[in-house]
Amino acid sequence: MQLDGLVPRRVSDLLAEQIRTEPVIALHGPRSVGKSTVLRGFAETAGGSVIDLDDVEVREAIQGNLAASVRAGAPICIDEYQRVPDILDALKARLNREGSPPGTAIITGSTRQDALPATAQALTGRLHSLVIWPLSQGELEGVRENLLEALAGDADGVVSAVPSSSTTRPDYVDRVCYGGMPLAPASVSLGQSPLVR
């Protein structure tokens, strides 16, 4: 199993769907899970750009003029918003002026929104949170899994229709060690072993 490029993420479809109805979408998840990649892909499709608050110079410029940073255009794409939590107050002020239109902003963060200081609560009621998990087995294989939906519809039928697995024990071990963080599969593509030695 190797990654030869970007893996299409299911959360990208959810993001495109939610941005039509929600004022602000927050993409949360652990570091290196693909938040920035999903955000850049969305911004490119929408013809916009990303405000990267991990970049020190960008962060200092934003801190110097928060209101102007969120004034122009939509959607505003902000990566690692937790680096400048006050930017959420600036977004709130814009939403107050404009009436909270759908698709105003997409923000990413490596922490949960409810774990941030009180400033981060500025968007309560206007923010829809999406969690980005590590790559699923289906994403790695390029197929869409629907096990949970199928089980909800007809659990007995789904279980009885599943053939015996041809996956060997070493295959399972490889998959578990391979993991679902995007950097691990990429390292295999570069010829490095995902196994910790």
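This is a predicted model: local features need pLDDT of at least 70, side-chain atom pairs count only at pLDDT 80 or more; totals for chains, interfaces and linings use all residues.
User: Which residue does the side chain of E80 meet in a salt bridge?

Analyst: The general idea comes first. Side chains of opposite charge can pair when their charged atoms come close. Here, the partner of E80 is R31, with 3.6 Å from N to O. E80 sits in the loop between β3 and α5, while R31 sits in the loop between β1 and α2 (35-46). The two are 49 residues apart, and the pair links distant parts of the chain. R31 is partly exposed, at 46% relative accessibility, whereas E80 is buried.

User: How many salt bridges does a search of the whole structure find?

Analyst: The search finds 6. Another one to look at joins the side chains of D54 and R83, at 2.9 Å from N to O. D54 is in the loop between β2 (50-52) and α3 (56-64), and R83 is in the loop between β3 and α5, so this pair ties together parts 29 residues apart in sequence. Both ends are partly exposed: D54 has a relative accessible area of 31%, and R83 has a relative accessibility of 37%.

User: Which residues are linked in a network of salt bridges?

Analyst: The network is made up of R31, D54, E80 and R83.

User: What separates E98 and R94 in helix α5?

Analyst: An α-helix has 3.6 residues a turn, so residues three or four places apart point the same way. E98 and R94 are 4 residues apart in α5, which means about one helical turn separates them. They form a salt bridge, and their closest N and O atoms are 3.1 Å apart. R94 is buried, with a relative accessible area of 5%, but E98 is partly exposed at 40%.

User: Now the nonpolar side chains. Which residues touch the most other members of the largest nonpolar core?

Analyst: Again, the general idea first. In soluble globular proteins, nonpolar side chains tend to be buried together. The largest nonpolar core in this model has 19 residues, and I78, I87, L91 and I107 touch the most other members. Two or more residues come from each of β1 (24-28), β3 (76-79), α5 (87-98) and β4 (105-109). Of the elements, α5 gives the most, with 5 residues.

User: Which residues is I78 in contact with, leaving aside its neighbours within four places in sequence?

Analyst: I78 is in contact with L39, I51, L53, V70, I87, L91, I106, I107 and T108. There is also a second, separate core of 14 residues, which includes I25, L27, C77 and L130.

User: How do I read a helix such as α1: which of its residues are buried?

Analyst: The buried residues in α1 are V11, L15 and Q18. Looking down the axis of α1, you will find them within an arc of 75 degrees, so they line one face of the helix. Their cover includes β1, α2, β4 and β5 (127-131). Take Q18 as an example: α1 spans residues 10-18, and Q18 is buried at 17% relative accessibility. Beyond residues up to four places away in sequence, Q18 touches I25 and H128.

User: And where is L66 found?

Analyst: L66 is in helix α4, residues 66-69. At 21% relative accessibility, L66 counts as partly exposed. Leaving aside neighbours within four places in sequence, its contacts are V84, D86, I87 and A90.

User: Finally, the whole chain: how many helices and strands does it have?

Analyst: It has 9 helices and 5 strands, running α-β-α-β-α-α-β-α-β-β-α-α-α-α from the N terminus. Of the 197 residues, 35% are buried. The chain exposes about 11,400 Å², and carbon and sulfur atoms supply 54% of that. Among contacts between residues at least 6 apart in sequence, 74% join residues at least 24 apart.

Terms used: Residues are numbered from 1 along each chain as its sequence is written. Side-chain values use heavy atoms; hydrogens and water are left out. A nonpolar core is a set of buried Ala, Val, Leu, Ile, Met, Phe, Trp, Tyr and Cys residues joined through side-chain atoms within 4.5 Å. Buried means under 20% relative accessible area, exposed over 50%, partly exposed in between (1.4 Å probe, protein chains only). Contact means heavy atoms within 4.5 Å. A salt bridge is a side-chain nitrogen of Lys or Arg within 4 Å of a carboxyl oxygen of Asp or Glu. Accessible areas come from the Shrake-Rupley method with a 1.4 Å probe; for residues, only the protein chains shown count as cover. The arc is that of the directions from the helix axis to the C-beta atoms.
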